[in-house]
Amino acid sequence: METKKTGTTTVGIKAKDGVVLAADTQASLDHMVETLNIRKIVPITDRIAITTAGSVGDVQALARMLEAEARYYQFTWNRPMSTKAMANLLSNILNENKWFPYLVQIIIGGHVEEPTLANLDPMGGLIFDDYTATGSGSPFAIAVLEDGFKKGMSVKEAKELAVRAVRTAGKRDVYTGSRKIQVVVITKEGMKEEFVEFRE
């Protein structure tokens, strides 16, 4: 059975006052570009979002699960679930299914109690970090993040760096788009989404 190659690039950066997530908007299947307008950053609550790399169906199923758990937590405890708690919950879900895994690599970011960023692999491995990247273009993106990141950077600086990292990956990874980038900024005020477009 022939396997079709797909890819993407998503990045996350923890800034002083928030978290920035960015992703390309191209969906590819082998040598074909299926669409240039897909959202790869999915809101879970008004303060937490995840990025998608891997199986779209698996990510959508996990997002629905996390949304339900977040609502149940809010109803039960009368306070929102923290990003750290949700990351640990997602890690447990992925680990419980490691023999029939969700084919995903996920970045989770949010600002509930404080800016929090984590990376999860399909087996449930969980790493909290200041910056991270996933997908086929991640080696290119992480090099840009490594060079440009500094502790305590502003949300504006983090946003510019995230866009640069995804765009650089798009120029070198054929499965990552470089014409339009989805950017989500999460601060204590809430979540804002925008799209940055480039002319080739």
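Tutor: The crossing of α3 and α4 is right-handed, a crossing being right-handed if the near helix is turned clockwise from the far one by less than a right angle, and left-handed if anticlockwise. The axes of α3 (residues 138-148) and α4 come within 8 Å and cross at roughly 145 degrees, where axes are lines fitted to C-alpha atoms, for helices over the stretch in contact, and angles run from 0 to 180 degrees between N-to-C directions. Helices (H or I, at least four residues) and strands (E, at least two) are DSSP runs, numbered from the N terminus. The model is a predicted one, in which local features need pLDDT of at least 70 and side-chain atom pairs count only at pLDDT 80 or more, while totals for chains, interfaces and linings use all residues. Residues are numbered from 1 along each chain as its sequence is written, and side-chain values use heavy atoms, with hydrogens and water left out.

On the α3 side, F140, A141, V144, L145 and G148 meet L161, R164, A165, T168, A169 and R172 of α4, contact meaning heavy atoms within 4.5 Å. The residues of this contact divide into seven nonpolar, two polar and two charged; here Ala, Val, Leu, Ile, Met, Phe, Trp, Tyr, Cys and Pro count as nonpolar, Asp, Glu, Lys and Arg as charged, and the others, Gly among them, as polar.

Helix α4 (residues 155-172) also holds both E160 and K156, four residues apart, about one turn of the helix. Their side chains meet in a salt bridge (3.0 Å, N to O), a term that requires a side-chain nitrogen of Lys or Arg within 4 Å of a carboxyl oxygen of Asp or Glu. K156 is exposed, with a relative accessible area of 57%, whereas E160, at 43%, counts as partly exposed; buried means under 20% relative accessible area, exposed over 50%, and partly exposed in between (1.4 Å probe, protein chains only).

A search of the whole structure finds eight salt bridges, among them one between the side chains of D130 and K14 (3.6 Å, N to O). D130 lies in the loop between β9 and β10 (131-134) and K14 in strand β1 (residues 10-14), so this pair ties together parts that are 116 residues apart in sequence. D130 counts as buried at 14% relative accessibility, while K14 counts as partly exposed at 28%. Another salt bridge joins K40 to D24, with the closest N and O atoms 3.1 Å apart. That pair links distant parts of the chain, K40 being in the loop between β4 (32-35) and β5, and D24 in strand β2 (residues 18-24), 16 residues apart. Both K40 and D24 are buried.

Turning to the sheet, five strands form an open sheet in the order β5-β6-β7-β8-β9, with antiparallel pairing; two strands pair if DSSP finds at least two bridges between them. The edge strands, β5 (41-43) and β9 (126-128), each pair on one side only, and the twist averages 20 degrees from one strand to the next. Three bridges join β5 to the antiparallel strand β6 (residues 48-54), and T51 in β6 is the bridge partner of I41. Helix α2 packs on the sheet, touching β6, β7, β8 (115-120) and β9, and its direction makes about 165 degrees with that of β7.
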